[in-house]
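Let's take a walk through this structure together, one region at a time. Have the sequence and the 3D view open, and follow along as we go.

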Amino acid sequence: MPVVNRIAGYAEEMKTWRRHLHTMPELMFDCHKTAAFVAEKLRAFGVDEIHEGIAESGIVAIINGKGAGPTIGLRADMDALPMSEITGLEYASKVDGMMHACGHDGHTTMLLGAAQYLAETRNFAGRVALIFQPAEEEGGGGNVMVQEGILDKFDVGEVYALHNAPGTPVGQFYTTLGPIMAAVDTFEVQIKGKGGHGAYPHDCIDPIVAAVGMVQAIQTIVSRNHDGRKEIVISVTQIHAGTVNNVIPETAYINGTVRTFDAETQALVQKRLPEVIAGQAASYGVEAEFSYEVGYPATINDPDRAEFAADVAREIAGEAGVSTDAIPEMGAEDFSYLLNARPGAYLFVGNGETAGLHHPAYDFDDETAAYGASFFARLVERAQPVKA
């Protein structure tokens with residue numbers, strides 16, 4: 001079956017919800033209007049418990065099934081991005097400088113669709129915990145919700161989430177049976193040399209030359225220090241120095257990102273980066289202040305849960321519409337904090353030939369919502385079947 005019949009009947013409702021959410025993007029933890037809309041719908045569906053104000057604007061809602069059983073967690077992110085929309089759609093963002101460019105409006109809608117169905121049918125044992133999370137893009141809202149105790153408080157035994165995938169046909173799914181998204185760390189280098197006239201470099205200590213040397217040397221960590229069989233990306237994304245064509249500046253600045261999948265590789269980078277920077281600084285005679293910030297950890301699926309979730313997806317998309325050997329993504333995701341605390345899986349669902357994520361012309365395909373909601377609903381029913 002392509003989608004659950006009852007959920008297919010919600011398609012127009014879900015489109016209305018999603019497009020309304022698209023007009024009102026909110027950033028980081030300030031998802032209060034979105035959360036109020038979600039809570040209003042959940043009350044109308046008749047869910048059993050609604051717990052608000054978690055991680056400032058997050059929600060955990062509980063639906064009780066038929067009879068005793070465990071609690072399964074389903075998560076959707078709610079926040080948008082600080083960028084301007086160029087779609088020209090009638091339901092485009094009404095907030096200057098903010099837009100749902102990653103489809104979190106669609107993710108919220110998919111979980112709401114599943115919530116409506118599960119609250120109506122309750123064809124499962126135990127409970128389902130619906131987790132509506134703020135601050136995925138920045139701020140680590142998933143970590144905050146874990147730190148505030150939602151998994152223990154609601155006795156959540158396993159957790160699942162979906163993300164839309166532009167470029168993959170609507171209704172198809174893919175995942176991996178292990179690491180699926182990378183850990184993301186950032187580094188900065190403040191370089192101090194000796195400024196002066198551009199015509200007299202011998203009287204200066206040029207921080208620009210030092211910065212260029214550092215950028216080149218950093219890549220030797222990838223090419224010569226790490227095991228080539230393990231994925232890694234180190235990208236320098238900013239170099240700032242100088243203000244005028246005839247002045248050698250006093251200072252320069254370097255910033256970059258590190259993406260890894262395992263703790264050993266991450267530790268190697270944490271060790272080698274400051275060593276490389278210090279060596280280059282000594283070589284060029286500059287001072288270098290290095291800082292390193294550990295960000296979201298790698299998103300690692302439990303192999304058994306990922307295979308189970310993929311089997312559920314096959315009910316929706318068919319055998320050919322589900323892949324479990326996708327190449328891990330170098331992007332990061334704070335659902336990783338939930339997967340560090342509980343077994344579960346993270347999957348992608350096709351969004352069709354739309355603009356890419358984080359692009360100002362991106363829009364969530366409303367046809368995707370019924371597939372995602374059906375996946376969540378069947379996941380609960382199959383994971384926690386009612387005992388005869």
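**A guided walk through the fold**

Let's begin in a loop: Asp155 sits between helix H6 (150–153) and strand E5 (156–165). Please keep in mind as you look that this is a predicted model. Asp155 has a phi near 55°, which is a positive value in a residue other than glycine. Is Asp155 buried or exposed? With a relative accessible area of 56%, Asp155 is exposed, since the cut-off for that label is over 50%.

Ala55 is not a glycine either, yet its phi is positive, at about 50°. You will find Ala55 in the loop between strand E1 (49–54) and strand E2 (58–64).

Now zoom out to the whole protein chain. There are 11 helices and 16 strands, and the C-alpha trace spans about 85 × 45 × 40 Å along its principal axes. Of the 388 residues, 52% are buried. If you take the contacts between residues at least 6 apart in sequence, 82% of them join residues at least 24 apart.

Next, find helix H8, which covers residues 263–284. Its 22 residues reach 32 Å from the first C-alpha to the last, close to the 32 Å expected at 1.5 Å a residue. At the start of H8, a side-chain oxygen of Asp262 comes to within 3.2 Å of the backbone nitrogen of Glu264. Just after the helix, Gly285 takes a positive phi of about 75°.

Which residues of H8 are buried? They are Thr265, Gln266, Val269, Leu273, Val276, Ile277, Gln280 and Ala281. These buried residues pack against one helix and several strands: helix H7 (207–225), along with strands E8 (183–192), E10 (232–241), E12 (251–260) and E13 (287–294).

Leaving aside neighbours within four places in sequence, Gln266 is in contact with Ala183, Asp185, Thr260 and Val294.

From here, move to strand E12, where Asn255 is found. At 12% relative accessibility, Asn255 also counts as buried. If residues up to four places away in sequence are not counted, Asn255 touches Phe187, Glu188, Ser235, Val236, Thr237 and Gln238. Then look at the loop between E10 and strand E11 (247–248), which holds Gly242. Gly242 is partly exposed, with a relative accessible area of 41%. The C-alpha atom of Gly242 is separated by 36 Å from that of Asp334, and the two residues are 92 apart along the chain.

A pair of packed helices is described by the angle between their axes and the distance between the axes. The axes of helix H3 (residues 32–45) and helix H4 (residues 104–121) come within 9 Å and cross at roughly 15°. Angles under 35 degrees count as roughly parallel, so H3 and H4 are roughly parallel to each other. Their crossing is right-handed. On the H3 side the contact is made by Phe37, Val38, Lys41, Leu42 and Phe45, and on the H4 side by Thr108, Leu112, Ala115, Gln116 and Ala119.

Arg122 follows H4 and has a positive phi, near 50°.

The other pair is helix H9 (residues 303–317) and helix H11 (residues 368–383), whose axes come within 9 Å and cross at roughly 125°. H9 and H11 are therefore oblique to each other, and H9 passes H11 in a right-handed crossing. Phe308, Ala309, Asp311, Val312, Ala313, Glu315 and Ile316 in H9 meet Tyr371, Ser374, Phe375, Arg378, Leu379, Arg382 and Ala383 in H11.

Terms used: Residues are numbered from 1 along each chain as its sequence is written. This is a predicted model: local features need pLDDT of at least 70, side-chain atom pairs count only at pLDDT 80 or more; totals for chains, interfaces and linings use all residues. Side-chain values use heavy atoms; hydrogens and water are left out. Helices (H or I, at least four residues) and strands (E, at least two) are DSSP runs, numbered from the N terminus. The expected span of a helix is 1.5 Å times one less than its number of residues. Buried means under 20% relative accessible area, exposed over 50%, partly exposed in between (1.4 Å probe, protein chains only). Contact means heavy atoms within 4.5 Å. A polar contact is a pair of N or O atoms within 3.5 Å; within protein, one must be able to donate a hydrogen and the other to accept it, and residues adjacent in sequence count only if both atoms are side-chain atoms. Axes are lines fitted to C-alpha atoms, for helices over the stretch in contact, and angles run from 0 to 180 degrees between N-to-C directions. Angles under 35 degrees count as roughly parallel, over 145 as roughly antiparallel, 65 to 115 as roughly perpendicular and the rest as oblique. A crossing is left-handed if the near helix is turned anticlockwise from the far one by less than a right angle, and right-handed if clockwise.
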